[in-house]
Amino acid sequence: MEMVTPVLARDLAALGRVSEETSSESVLRGLTTTLAGDVPGCAGGSAELWRAERLVVSASHSELIVLVDSEGELGQGPSAEARATGRHVIIQDVLRESRWPDYAGMAVRCGIRSVLALPITVERAVLVLGLYGVRPGVFAARSVPPLADMLAEQVGVALANMWDYDEVRTDAAQMQEALAGRAIIDQAKGIIMKSSGCSAEAAFDELRRISQHHQVKVADLARLLVDEHQRNRGGRAG
């Protein structure tokens, strides 16, 4: 049975669209749901995204998250093997599986009879996808390479888009923070200039001297000064 279908290609391509709500978790959740719904013979999907030391796990069904977590605790199973070797792993019938009897027992309790684990290397990460069938023999070895190629291409685009978007959002947030910090520093300089009759340069030097002495950021010190000034003005107004 061919696993690559036009519907699967369409739904995988849609994962590459990013928005404010896009995250690693949402991409993986969409991916596992797509696998479960669009790959013939596949009744459920899981995804483990290994990036640096961080692991993100998602699955189309809650019992599959339990299965993936249990495999991690065992340190052995098809997904662990796929990640270690960089090659796909197929279990044609869990009831006949002799390599990982403990894993096989857990899979049977989840109603799983066949498993395909696919490792995909994407930018800065390794993604291990699990496809699960409730009948034996639903994943044909000859159909795996085209599926792996499509997933590597489409998932790579989706994750790259999401990471690029995250960087843009981070840069924008940092710029906003820097502008806000500059504004508060200017307010604090104005307060010092008014009270001391000094220049703007001298006021900033005083802020920097005090911040170094107390080991706080200039912006944080400026915010404290402005807040205190506003409280004092409010007290006098009362």
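## Basis of the model

The structure is a predicted model, in which local features need pLDDT of at least 70 and side-chain atom pairs count only at pLDDT 80 or more, whereas totals for chains, interfaces and linings use all residues. Residues are numbered from 1 along each chain as its sequence is written, and side-chain values use heavy atoms, with hydrogens and water left out.

## Overall architecture

The protein has eight helices and five strands, where helices (H or I, at least four residues) and strands (E, at least two) are DSSP runs numbered from the N terminus. Read from the N terminus on, the order of these elements is α-α-β-β-α-α-β-α-β-β-α-α-α.

Of the 238 residues in the protein, 38% are buried; here buried means under 20% relative accessible area, exposed means over 50%, and partly exposed lies in between, with a 1.4 Å probe and protein chains only.

## The largest pocket

The largest pocket holds about 160 Å³ of space. A pocket is an open set of points on a 1 Å grid over the protein atoms alone, where a 1.4 Å probe fits and protein lies on both sides within 12 Å along at least five of seven lines; grid points are joined across faces, edges and corners, and the volume is the space filled by probe spheres set on the points.

The lining of this pocket, meaning residues with an atom within 4 Å of a point, comprises 13 residues, and Glu 48, Trp 50, Glu 71, Gly 72 and Ala 80 lie nearest the centre. Strand S1 (44-51), strand S2 (54-59), helix H3 (62-74) and helix H4 (78-85) each supply at least two lining residues, with H3 giving the most, four residues. By class, the lining divides into six nonpolar, three polar and four charged residues, where Ala, Val, Leu, Ile, Met, Phe, Trp, Tyr, Cys and Pro count as nonpolar, Asp, Glu, Lys and Arg as charged, and the others, Gly among them, as polar.

## Side-chain contacts and cysteines

Trp 50, one of the residues nearest the pocket centre, has the charged end of Arg 83 over its ring, 3.5 Å from the ring centre; such a placement requires NZ of Lys or CZ of Arg within 6 Å of the ring centre and within 35 degrees of the ring normal.

The structure holds zero disulfides, a disulfide being a pair of cysteine sulfur atoms within 2.5 Å. Cys 42 counts as buried, at 7% relative accessibility, whereas Cys 198 is partly exposed, with a relative accessible area of 24%.

## Residues in the loops

Arg 99, in the loop between strand S3 (89-91) and helix H5 (101-109), is partly exposed at a relative accessible area of 45%, and its C-alpha lies 8.0 Å from that of Gly 77, 22 residues apart in sequence. Gly 137 lies in the loop between strand S5 (125-133) and helix H6 (144-196) and counts as partly exposed at 46% relative accessibility; Gly 137 and Gln 92 are 45 residues apart in sequence and 4.6 Å apart in space, C-alpha to C-alpha.

Glu 123 is found in the loop between strand S4 (114-122) and S5, is partly exposed with a relative accessible area of 45%, and stands 7.0 Å from Ala 160, C-alpha to C-alpha, across 37 residues of sequence. Lys 217, in the loop between helix H7 (200-214) and helix H8 (218-237), is exposed, with a relative accessible area of 60%.
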